[in-house]
Structure formats: structure tokens, C-alpha cells
Amino acid sequence: MGRMGYGYGSEWQLLRFMGRHRSVFTDAVKTTVDPDGTRQVTSVDWLDHPFNTNADFGDGEIKSVDFLADYGGEEWKQYWPDSRPGEVNRAGVPSWDAVGRIAIQGQGSEWLLVEAKAHEGEFTAGAECGARGESLKKIEAALDSCREAMGIDPNKTPLQSVAKAWLGRYYQVANRLAVLHFLLNKVNQPARLLFVYFLGDSQQNQNCPKEAQEWRTIIKSAYQNKLHIPLDHLFAKRVHYLFVDVASGKYSSGL
């Protein structure tokens, strides 16, 4: 977890909306992740984050699939180089800005994994994959499995040809998708991935989009030109995009 800015940045804005504007944010989330637009999402129940006395403000993040009762079990250890699942505040594994359970009328509940951004640099200049050796091979295999599940032909677009994106500057997007793939297709856990993009943030020396369309252009360009992800990939209906204005709370959804 990076250092949270006072009054700006995705972590600040997410805490603000989840804490001070709960009804607005919850309504936005329910509307965005609704499977067919008929208001079937009846509730969102957010998980608490772990404590971390070494972190700013004393809080850590929910890691990997630690929200599962068995922390992903042997399937997760085989899928991802995470030798200490369930150990709070460990480094080097995917982490979440928020995790919740959504209740869908007539369909039970599903996991909701949240990643938030407030300026372009958070999206285009994330931490690259630092794994090496066998750990890197395992991550590459997981990403290959994810890409195949998304409907990406490995013969037409092999991972090596897009490694600078998938393992480099867009690695955070890649590993979030890989975790969703693990839940959906490896351990049969219904789940959804929600990307939250804030509008009108005030971080200095950063491009903070004021309009949802600017964010959509940035995202689509990365998907189409760098990651080579089709916008209609095979689990696109479980990947959601929410754009929230930090000044008014007005929101829109979808790419």
C-alpha cells in the first residue's frame, strides 16, 4: 500500500465515499454490477481490512484470495507464487482496495473485488512484476490461462509479444483479471471485478480526468493497443467500470 494523500488520490477518495457517502456509493456499485439492469443486486456487504502497524494510518490491504475460507487452498498455491496465503500484510501478491459480498435476488451472493484509480499515472505506471525464476514461470502460466479463458488466441497473440504490458506497466490490471479467472474457473467461486475511476481528483502534477469519456479513452487504448484484450472477452460481463465525480457524487458506468 502506498502513502495515502490527504485530500486526494484513489485511496483517499474511496475511503471518503465508502465512509461519508455510503448511500451514493452503494447505489452506484449496485447499479454498475447489476447483471441485467433490473435492480437485482439487493445489498453490498464490505469486508474489513486487516490492521498493519507498519503502514500509514495503521491499515493493510486484503491480499490475493485471503477472503476465501481456505485462502484458496492448494489450488491457489499451484496457481500463483504465494507461499504464505492468509498471512496478513505480506508483500509481492495482488491486493485489493476493497472486497465485498453482493447479494443478487434469486442467485445467492458473489464476491466483489474493487480496484480504484484517481489519476492516469495510477493506471499506466503501476508496479511491474518483480518475480523471477520459478515464480515468474508460475505467473506467466496463470496469465496464459487467464488470457485463454478470455478468448485470446495464444497463437495469434502469444504472451511474449505483449509481455511489456501484461508483466510491465499494466501488470496490476493483468493480475486482477488473473485472480478473477482463478475464482470463476479454478475454484467455482462466483465473483465480479469492479474498477472504480474517480473524476476531478486534485493530485498535483498528474492527469486527473474530469470526464468519464477521458478515462474510457485511456482504458480502451490500453486494452486494445497494449494488452490486446478484446472488449467483449469471455468474462467481460463480470468486469465492471464505475466513474464517480469526487465533487458531486454523480456517476456513470461501463466502457
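Modeller: Let us begin with contacts: a contact means heavy atoms within 4.5 Å. The model before us is predicted.

Biologist: What share of the contacts between residues at least 6 apart in sequence joins residues at least 24 apart?

Modeller: In the protein chain, 68% of those contacts join residues at least 24 apart.

Biologist: How many helices and strands does the protein chain have?

Modeller: There are eight helices and eight strands in the protein chain.

Biologist: What can be said of burial and of the exposed surface?

Modeller: A residue is buried when its relative accessible area is under 20%, and exposed when that area is over 50%. By this reading, 47% of the 255 residues of the protein chain count as buried. The chain exposes about 12500 Å², of which carbon and sulfur atoms supply 46%.

Biologist: How far apart are the mean positions of the positive and negative charges?

Modeller: The protein chain has 29 positive and 31 negative charges, and their mean positions are 3 Å apart.

Biologist: How many disulfides does the structure hold?

Modeller: A disulfide is a covalent bond between the sulfur atoms of two cysteines. The structure holds zero disulfides. Cys129, for example, is in no disulfide, and the nearest cysteine sulfur, that of Cys146, is 14 Å away.

Biologist: Where is Cys129 placed, and is Cys129 buried or exposed?

Modeller: Cys129 belongs to the loop between helix 4 (120–124) and helix 5 (133–149). Cys129 is buried, because its relative accessible area is 11%. Beyond residues up to four places away in sequence, Cys129 touches Leu136, Ile139, Leu167 and Tyr171. Cys129 and Ala174 are 45 residues apart in sequence and 10 Å apart from C-alpha to C-alpha. For Val114 and Cys129, the figures are 15 residues and 20 Å, again C-alpha to C-alpha.

Biologist: In which strand does Val114 lie, and which residues is Val114 in contact with?

Modeller: Val114 is part of strand 5 (residues 108–117). Its relative accessibility is 0%, so Val114 counts as buried. Neighbours within four places in sequence aside, Val114 is in contact with Trp46, Trp96, Asp97, Ala98, Leu194 and Val196.

Biologist: Is Arg192 buried or exposed?

Modeller: Arg192 counts as buried, because its relative accessibility is 4%. Arg192 is in strand 6 (residues 191–199). Among its contacts, neighbours within four places in sequence left aside, are Glu110, Trp111, Lys237, Arg238 and His240.

Biologist: Which residues does Tyr197 touch?

Modeller: Tyr197 is likewise placed in strand 6. At 0% relative accessibility, Tyr197 counts as buried. Not counting residues up to four places away in sequence, Tyr197 touches Lys117, Phe123, Trp215, Ile219, Tyr241, Leu242, Phe243 and Val244. Tyr197 and Cys208 are 11 residues apart in sequence, with 9.9 Å between their C-alpha atoms. Cys208 is buried, because its relative accessible area is 9%.

Biologist: Let us turn to asparagines. Where is Asn175 placed, and is Asn175 buried or exposed?

Modeller: Asn175 is in helix 7. Its relative accessible area is 4%, so Asn175 is buried. Apart from neighbours within four places in sequence, Asn175 is in contact with Trp80 and Pro94.

Biologist: What is the phi of Asn188, and what is that of Asn205?

Modeller: Asn188 has a positive phi of about 55 degrees, although it is not a glycine. Asn188 is found in the loop between helix 7 (171–186) and strand 6, and Asn188 is exposed, because its relative accessible area is 63%. Asn205, not a glycine either, has a positive phi of about 60 degrees. Its place is the loop between strand 6 and helix 8 (212–227). Asn205 has a relative accessible area of 77%, so Asn205 is exposed.

Notes
Residues are numbered from 1 along each chain as its sequence is written. This is a predicted model: local features need pLDDT of at least 70, side-chain atom pairs count only at pLDDT 80 or more; totals for chains, interfaces and linings use all residues. Side-chain values use heavy atoms; hydrogens and water are left out. Helices (H or I, at least four residues) and strands (E, at least two) are DSSP runs, numbered from the N terminus. Buried means under 20% relative accessible area, exposed over 50%, partly exposed in between (1.4 Å probe, protein chains only). Accessible areas come from the Shrake-Rupley method with a 1.4 Å probe; for residues, only the protein chains shown count as cover. Lys and Arg count as positive and Asp and Glu as negative; His and the chain ends are not counted. The place of a charge is taken as NZ of Lys, CZ of Arg, CG of Asp or CD of Glu. A disulfide is a pair of cysteine sulfur atoms within 2.5 Å.
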